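Please look through the sequence and the structure below, and then follow the explanation that comes after them.

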Amino acid sequence: MSATARKSAHLPDDIRAMKGGTPIVSLTAYTTPMAQLMDAHCDFVLVGDSVGMVLHGMQNTLAVSMEMMIMHGQAVARGLKSAMLVVDMPFGSYEESPAQAFRNAARMMAETGCAAVKLEGGVHMAETIAFLVARGVPVMAHIGLTPQSINTLGGYKVQGRDAGAGQVLRDARAVADAGAFSVVLEKLPASLSDEITEEIPIPTIGIGASAGCDGQILVHYDMLGLFTAFKPKFVKRYANLGEDAEKAIAAYAEEVRARAFPAEEHMFADKAPKK
């Protein structure tokens with residue numbers, strides 16, 4: 001089912017215009033109820049391919065499919081009224097060629113109603129970004145630690161230290177020059193993130209980067225304490241809903257076994273009560 005009828009108060013040009021102003025607020029979402037909770041507080045909501053790990057139990061994001069991203073994109077679209085919707089392009093859906101990227105990005109936009117797509121990569125993806133932008137597909141870039149490349153990066157390591165800083169700077173310049181309207185900076189030294197933010201004309205969205213970025217994003221399962229398999233250094237937990245949920249489930253199980261639930265107020269009488 002297409003979600004293209006959904007209207008958003010924010011568009012890519014609105015996010016671009018926030019460069020150097022009030023910090024941009026973003027979170028990931030994968031479901032309608034969570035999107036509804038975020039809508040009034042976020043400038044944009046990202047349907048991240050992190051869904052594969054936090055909802056589907058995958059070891060990384062590499063097995064996430066277009067169908068999964070479209071399904072979750074449609075769900076999030078139903079929960080948003082004002083925040084802009086961005087959807088990740090999954091691994092293998094855009095790297096082969098600009099033409100492949102356009103076909104899949106066009107499908108993503110048509111079937112979810114998203115205002116933009118996000119893809120990983122710097123200098124080597126600049127041609128693809130320019131190709132998409134020229135054909136009406138707004139692109140949010142993603143550089144630094146790019147989770148879809150963990151097998152070539154050697155794991156989830158901080159990027160851009162020492163000699164690696166120059167390449168990250170080149171990546172930032174390349175995606176900005178190619179027409180991306182913003183760029184996610186993941187797991188970079190704070191000083192390098194600040195340098196990039198100062199130099200390029202598009203907003204930087206930090207995740208494990210710097211408070212000086214033009215905006216911030218976190219995986220909501222991390223910041224709410226719902227995903228507890230591990231906790232990255234850059235995550236602040238604003239709640240511990242996973243612990244609360246486990247306690248509630250344990251209490252429910254105990255009451256069921258003790259026949260304390262359901263109680264009389266949860267059951268139905270033979271006859272309807274008089275009005």
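In this predicted model, helix α8, which covers residues 165-178, packs with helix α9, which covers residues 190-199, at an angle of about 30°. Angles under 35 degrees count as roughly parallel, and α8 and α9 are therefore roughly parallel to each other. The axes of the two helices lie 10 Å apart, and the crossing in which α8 passes α9 is right-handed. On the side of α8, the contact is made by Ala165, Val168, Leu169, Ala172 and Arg173, while α9 contributes Leu192, Glu195, Ile196 and Glu199. Sorted by class, the residues in this contact of α8 with α9 are 6 nonpolar and 3 charged, with no polar residue among them.

Most residues other than glycine have a negative phi, and most peptide bonds are trans. Aspartate 162, in the loop between α7 (150-153) and α8, has a positive phi near 55° although it is not a glycine. With a relative accessible area of 76%, aspartate 162 is exposed. Lysine 187 is placed in the loop between β6 (182-186) and α9, and its phi is also positive, at about 50°, in a residue that is not a glycine. Lysine 187 counts as partly exposed, since its relative accessibility is 21%.

How many disulfides does the model contain? The count comes to 0 disulfides, where a disulfide would need a pair of cysteine sulfur atoms within 2.5 Å. Cysteine 42 is in no disulfide, and the cysteine sulfur nearest to its own, that of cysteine 213, is 17 Å away. Is cysteine 42 buried or exposed? Its relative accessible area is 6%, so cysteine 42 is buried. For cysteine 114, the closest cysteine sulfur is in cysteine 42, and because it is 17 Å from the sulfur of cysteine 114, it is too far for a bond. Cysteine 114 is likewise buried, with a relative accessible area of 4%.

Note on methods: Residues numbered from 1 in each chain as written. Predicted model: local features only at pLDDT ≥ 70, side-chain atom pairs only at ≥ 80, totals over all residues. Heavy atoms only, no water. Axes fitted to C-alpha atoms, helices over the stretch in contact; angles between N-to-C directions. Helix = DSSP H or I, 4+ residues; strand = E, 2+ residues; numbered from the N terminus. Parallel < 35°, antiparallel > 145°, perpendicular 65-115°, else oblique. Left-handed = near helix turned anticlockwise from the far one by under 90°. Contact = heavy atoms within 4.5 Å. Nonpolar A, V, L, I, M, F, W, Y, C, P; charged D, E, K, R; others polar. Buried < 20%, exposed > 50% of the residue type's maximum accessible area, 1.4 Å probe, protein only.
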